[in-house]
Amino acid sequence: MPDAVYRLDAQGRFAYLNEAAERLLGQRADELLGRDVREAFPGLRGSVAEEQVRQVLDDGRSREFHFFYEPTSRWYEVRVFADPAGAAVLFRDIDTRRRSEQERDTQLRELAAVLDALPTPTVLIGPDGRILSTNGAWNRNGRRLLPDAAWPGRVGEDYLASMTRSLDRSAHDDLASGVRSLLTDAARSDGRSFHLDYASPTREGVLWFHLQATRVDAEGRVVITHTDITDQVRARDELVWKVRHDDLTGLPNRARLLELTTEALAADHRAGVALLVLDLDAFKTVNDSLGHQIGDELLRLVAGRLSEQLRPGDAVARLGADQFVVLAHGCDASEAAALAFRLQTVFARPFAVGEITVPLSASIGVAVARPDVRDAHHLLSDADAAMFAAKSSGRDRVHLFSPVLREAARWRLEVATRLRGEAIDQLVVHYQPVVRLDTGEIEGVEALVRWQHPERGLLSPDTFLSVAEETGQIIPITRWLLRETTRKAAEWAAQGLNLRMSVNVSARHFSAETLVRDVRVALQQSGLPADQLVLELTETSVAEDPTRAEDQLSVLRGFGVRVAIDDFGTGWSSLAQLFSLPIGTLKIDRSLLAAAERVAAGETGAVLAAIVGLTRTLGIRSVAEGIETTEHLRMVREAGCDLAQGWLLGHPMPADRLPGWVREVQLAGGDLCALAMAGHAVPAPG
């Protein structure tokens with residue numbers, strides 16, 4: 001036998017020893033046989049070993065115990081069995097193992113003390129996966145979060161089995177895989193770690209924890225911490241939500257809309273996907289007149305009403321400013337159009353903010369995905385182009401996308417890009433004569449900007465000025481135009497050609513509040529007298545911000561600049577509001593001439609005469625635009641208009657041709673109206 005064995009008789013004397021006993025006891029058998037064990041080894045007297053042997057001899061029951069023999073300072077494992085002649089003793093030296101276990105126990109107690117001091121719920125598990133130790137935070141969390149105070153396990157329990165009470169199946173599978181990978185290969189102790197974030201249902205709701213499991217020694221023990229990261233997860237989720245949603249309305253923002261649209265395009269291969277872009281009409285006026293606080297509340301109300309109109313599965317987002325987008329699933333063109341018209345009913349009732357009631361309308365562009373359009377950005381661009389077309393055709397309109405609109409959108413992008421670059425150096429000015437109707441003399445000219453496009457040739461203002469208005473580039477263009485035209489008018493005056501210069505000004509200039517300064521700088525640099533400059537503003541542009549317009553126009557009028565309202569008859573402004581402005585001239589739009597022509601014979605001048613009479617009473621001069629026929633000329637002269645312009649009286653022409661053309665008129669008698677009535681219009685010299 002590998003173990004040491006000896007037998008004692010009833011008096012406690014050695015009766016037998018094997019070789020292993022001789023080696024372990026350090027004496028030969030012939031030296032020990034017949035001797036009393038206590039005499040041979042005095043250190044046994046009064047020891048646990050002596051007591052255990054005596055009890056076996058007394059009751060005949062076997063004993064097993066660990067024994068520290070002081071003379072050798074070593075630990076032994078001893079088993080004593082009753083024998084008919086006395087007792088048989090088997091023993092082995094376990095000193096190395098016992099001291100190793102004691103060292104491990106000491107380490108374990110020290111580690112447990114460290115873990116217990118940690119604020120994070122922590123467990124220590126052994127190589128078999130059972131819990132060796134838990135800290136106070138682990139136990140306190142259990143009592144606080146779960147009714148059975150066993151969250152998620154006690155010492156001695158299998159850790160993975162206990163965690164089934166806190167994790168769903170998927171997370172538990174991940175945990176089991178990670179922990180088992182650490183428990184394998186117990187010979188390695190390299191600080192390997194495993195991490196897992198998991199959610200756990202508790203009495204305080206769902207909480208999030210970050211689990212970190214780390215091998216701590218070669219024995220295969222693993223420390224596992226469970227850090228509460230609920231606040232971080234909620235903060236992260238809130239941040240992610242904010243990144244993908246609009247702060248003001250809580251709706252998805254542009255980024256989230258594109259994500260949803262991409263998902264819809266990928267999922268709905270057969271059913272159509274549509275985007276409807278809604279742009280609130282004249283919302284800037286609401287913001288400027290009522291304040292941004294009212295404007296923000298109106299946007300929230302619009303968002304709420306649009307959300308109520310959604311079909312199941314559809315979504316509404318806010319692109320920013322006053323634009324919203326509806327993502328609709330399962331739509332063909334007719335269904336998308338029907339949805340757009342239904343969305344218009346959102347604006348049928350005014351919006352009430354406190355004691356203020358505000359009417360709103362929206363221009364809606366609709367684009368339905370086609371087989372060749374599977375890109376969210378592309379579809380949104382199409383819907384935006386359709387919205388722009390709806391906006392351009394008037395307020396409260398719906399427009400369906402067509403490929404022609406994409407080309408128009410590309411052109412707008414090109415215009416917007418070039419206007420910020422080299423295009424301003426490619427602008428030219430043509431001048432159209434303004435004629436006195438009583439004498440036929442040329443009183444002045446209206447400056448009309450053109451773009452000498454390097455590829456497309458000479459472009460009229462309606463092809464690019466609307467884009468300049470949208471992008472704000474209209475302000476630097478107007479600033480350039482003021483400098484160019486006042487310089488040219490001063491140059492002509494030095495040549496003896498005194499022509500009053502009329503320049504169109506955008507409403508954007510009022511909001512930028514640089515108009516007064518820009519006009520003063522242009523007049524100072526050119527030397528042109530202020531009363532030789534006429535600023536023309538459309539009726540609609542003035543109505544957008546009448547207070548700001550009145551303030552700036554009053555300053556300009558104060559140092560001599562004349563002010564004219566252009567295109568009168570095309571807007572919807574209040575006459576009382578319009579005539580409260582410091583204007584000196586009213587330009588009657590050609591649409592009124594066309595309307596007058598359709599009136600029954602004998603009453604063709606009644607409308608014009610009434611307008612002219614009103615302006616004359618207020619001390620305002622009238623200018624009839626769009627004179628193209630002798631009948632137009634006769635009509636406006638009979639109505640009493642002061643001035644007129646139009647192709648019958650003179651086409652717009654470049655600056656270098658105008659002086660020669662004026663001289664030709666003067667050589668022909670100087671009465672341009674008479675020449676036109678006689679059919680002798682003077683062409684501009686080539």
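This is a predicted model: local features need pLDDT of at least 70, side-chain atom pairs count only at pLDDT 80 or more; totals for chains, interfaces and linings use all residues.
R621 and E443 form a salt bridge, with their closest N and O atoms 2.9 Å apart. This pair joins distant parts of the chain, as the two residues are 178 residues apart. R621 belongs to strand β25, which covers residues 621–624. E443 belongs to strand β19, which covers residues 442–453. The two partners fall into separate accessibility classes. R621 has a relative accessible area of 25%, so R621 is partly exposed. E443 is at 18% relative accessibility and therefore counts as buried. The cut-off for buried is under 20%.

A second salt bridge lies within a helix. R487 pairs with E491, and the closest N and O atoms are 3.4 Å apart. Both residues are in helix α17, which runs over residues 474–494. They sit four residues apart, about one turn of the helix. R487 is partly exposed because its relative accessible area is 38%. E491 is also partly exposed, with a value of 32%.

R28 has 47% relative accessibility and so counts as partly exposed. E31, at 34%, counts as partly exposed too.

Salt bridges also link residues into a network. One such network connects D3, E77, R79, R92 and R97.

Key: Residues are numbered from 1 along each chain as its sequence is written. Side-chain values use heavy atoms; hydrogens and water are left out. Buried means under 20% relative accessible area, exposed over 50%, partly exposed in between (1.4 Å probe, protein chains only). A salt bridge is a side-chain nitrogen of Lys or Arg within 4 Å of a carboxyl oxygen of Asp or Glu.
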